[in-house]
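Q: I have not seen this one before. Can we go through it together, starting with charged pairs?

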Amino acid sequence: MTPKRRSVTRRRVTDIVVKVVAWVGATVGITALALILYVVVRRGIGAINWSFFTQTPPTPGGSGGGLGPAIVGTLVITCVAALMGIPLGFFAAIYLAEFGRDGRVATAIRLVANVMMGVPSIVVGVFAYGLLVMSQHHYSGLAGAAALAFIMLPVMARTAEDMLNLVPNELRESALALGAPRWKATLGVVCRAAKAGLLTGGILAVVRVGGETAPLLFTALSSQYWMGGLKGYFGGPTPNLTKTIFDLSQQPYSHLVQLAWGGALLIIVAVLGVNVVTRLLFQRGKEW
Amino acid sequence: MNAPGVPAGPPGAMKVLRRIRHRRYADPAFRAFTTACGMVVALLMAAMFAVLIIDSWPSIKKFGVGFLWSKAWDTTAGHYGAVTALYGTFYTTVIAMVLAVPLALVIALLLVELAPPWLSRIVGTAIELLAAVPSIVFGLWGFLVLVPIMSNHVEPWIQSTFLGKLWLFQGPPMGLGFLTAGLVLALMVLPFITAVARDVLRMVPQVVKEAGYGMGSTTWEVTRKVSLRYGLSGIVGAFFLGLGRALGETMAVAFLIGQTYDMQKSLFGTGNTITSTLANTFAEATDSLQRSALIELGLVLFVITGVFQLLAHLWLRRARRRMGGRA
């Protein structure tokens, strides 16, 4: 089939060269990534202590202090976002997998969800700004949470749909044959069978979005202070970890920059920790 | 008296009847509810498009299509254009893709074909975990660690070699700029593309590869002529996913691009991207026209990434059809 004949030596040499390049390339890439993690740990570890979790950032040039409000703020924003995005995505997935299937509407929604996953997160921030911040005339944690929920929604819908599709049809049929109504068969049998996958998908979607910065830049904005109760989070600029790291890192004071490193370390530990624990618990490493 | 074979007496029958009546409402309600949730996904996307257009309308009205090729970004005179941001966006994206795609393919090849299974499992998991590291971490590292290294060592060294005469490497070695931003972007999309490419290469049936080896092919030949061709549509999909990420990535670029509003040719030059301009100036923008122009930038980015997504989907569908519904 090949008109061109290459000598065996040349083919062997090419093969070896490619293999060497592969090993070197892989080592370089993975070392670089590992190095980033190492640097974050080394520079951030010094900032972690009790006051890091409990106090507000110090004044420029001051000492001590921590990222307490930002940590709590990120937790609140992410949880509110999960409350909005996860159930909606879950039921949308049920529609796609159980009712819509290959119909025209479901196919269209699936395409929209795919495109939605590709929307840059900062554009989602602009959307939340236009929809919520402009109409309420102030920045708020709620707008930030809405932006995060928007990002979570298609991820949850598509992963959950994949998980539901893995459930064999016989299970649905036998549930219905026993006289169970459709909703009971779906929620009680199909979803229970897909429980591990659904949980993994949901948790990973929440965690990934929890580390986002761009959608919060002009929705939640930031703040240095403790918020007074839930009302505070929804009524004005809300402290959050990622934007705080961004702001602190631009400061000329090494103490503040170290706090930023500490924040980055905390985020990495949280994100990777949850990822690892989830994988170990559910033994399903394939979704990501 | 009950008919034989029908054990349910009147009370049982009532129960069944009630259950059926209950089902008559419960099931359609459930179906309607989930359908509504599905519709919300589509509606939100439409709402997003509408909000972006409405809020950028003052800018669209004032600058027209000329917005897309105007170099202006003058907050005092109130003139805005998208060209410098588009230039920076594509410049950094090209750098990132040129660096990341070959490296990702090579790592994927290593994971699937060359490395022993235990190593490949560890490295594969590590790569998947790295894909989950938030971009703020990469940005922080780039800004505080990579920038000094680039400005003190790498960039002066490049300029001291014969490469320094090229226009690509002109200008003061500040560390900030297209090259540094592109480098960090590359590191960020690398795990992502690698993970997808690995899954694609792994899906190539063993038999097909063994047929290649049976013909006397080397590993590289099997990879290039069998695996890559078999998984081409998937690889292209991975490419477009990585491209979309690089185009829309914000934090790494906002830290590193330098935020100037011009179109420098040099890799060491500074500039701005759509995302960096939004991230660095949106919250401070007080003028409503500026804010509107910024939202229009967001709209432009939305359309660009949307078009790429759609192209990727159409390409994939065509490729799939050409391959006879396989893959």
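Q: Which side chain does A:Lys243 meet in a salt bridge?
A: This is a predicted model. In it, the side chain of A:Lys243 pairs with that of A:Asp247, at 3.0 Å from N to O.

Q: How many residues apart are A:Lys243 and A:Asp247 in their helix?
A: Four residues, in helix H11 (residues 241–249) of chain A, so about one helical turn separates A:Lys243 from A:Asp247.

Q: And A:Lys243, buried or exposed?
A: A:Lys243 counts as buried because its relative accessibility is 12%, and the cut-off for buried is under 20%.

Q: Where do A:Glu161 and A:Arg158 sit?
A: Both are in helix H6 (residues 141–166) of chain A; they are three residues apart, so about one helical turn lies between them. A:Glu161 is buried at 4% relative accessible area, and A:Arg158 also counts as buried, at 16% relative accessibility.

Q: What about chain B? Which residue does B:Arg198 meet in a salt bridge?
A: B:Asp199, with the side chains 3.3 Å apart, N to O. B:Arg198 is buried, with 6% relative accessible area, while B:Asp199 is partly exposed at 23%.

Q: Which residues do salt bridges with shared partners join into one network?
A: The network consists of A:Arg279, B:Glu128, B:Arg198, B:Asp199 and B:Arg202.

Q: Changing topic. Which residues touch the most other members in the largest nonpolar core?
A: A:Ile122, A:Leu164, A:Phe218 and B:Met48 do, in a core of 173 residues. The element that gives the most to this core is helix H3 (residues 68–100) of chain A, with 17 residues.

Q: Why does the core lie between domain 1 and domain 2 of chain B?
A: Because domain 1 (10–55) and domain 2 (68–322) of chain B both contribute residues to it.

Q: How far apart are the C-alpha centres of those two domains of chain B?
A: The centres of domain 1 and domain 2 of chain B lie 41 Å apart. Six residues from domain 1 of chain B and five residues from domain 2 of chain B take part in the contact.

Q: Back to B:Met48. What is it in contact with, leaving aside neighbours within four places in sequence?
A: From chain A, B:Met48 is in contact with A:Val119, A:Val123, A:Val124, A:Phe127 and A:Phe150. From chain B, the contact is B:Phe302.

Q: Which residues does the second, separate core include?
A: That core has five residues, among them B:Ala108, B:Ala197, B:Val200 and B:Leu201.

Q: Now the surface. Which residues form a nonpolar patch there?
A: A:Ile16, A:Val20, A:Val24 and A:Val28 form one, and together they have about 350 Å² of accessible area.

Q: Where is A:Val20 placed?
A: A:Val20 is in helix H1 (residues 8–44) of chain A.

Q: Why does A:Val20 count as partly exposed?
A: Because its relative accessibility is 47%. Partly exposed covers values between the buried cut-off, under 20%, and the exposed one, over 50%.

Key. Residues numbered from 1 in each chain as written. Chains lettered and ligands numbered in written order. Predicted model: local features only at pLDDT ≥ 70, side-chain atom pairs only at ≥ 80, totals over all residues. Heavy atoms only, no water. Core = buried A, V, L, I, M, F, W, Y, C linked by side-chain atoms within 4.5 Å. Buried < 20%, exposed > 50% of the residue type's maximum accessible area, 1.4 Å probe, protein only. Helix = DSSP H or I, 4+ residues; strand = E, 2+ residues; numbered from the N terminus. Domains from an automatic or database assignment. Contact = heavy atoms within 4.5 Å. Patch = residues over 30% accessible without salt bridge, like charges linked within 9 Å, V, L, I, M, F, W, Y side chains within 5 Å. Areas by Shrake-Rupley, 256 points an atom, 1.4 Å probe, with all protein chains shown as cover. Salt bridge = Lys/Arg side-chain N within 4 Å of Asp/Glu carboxyl O.
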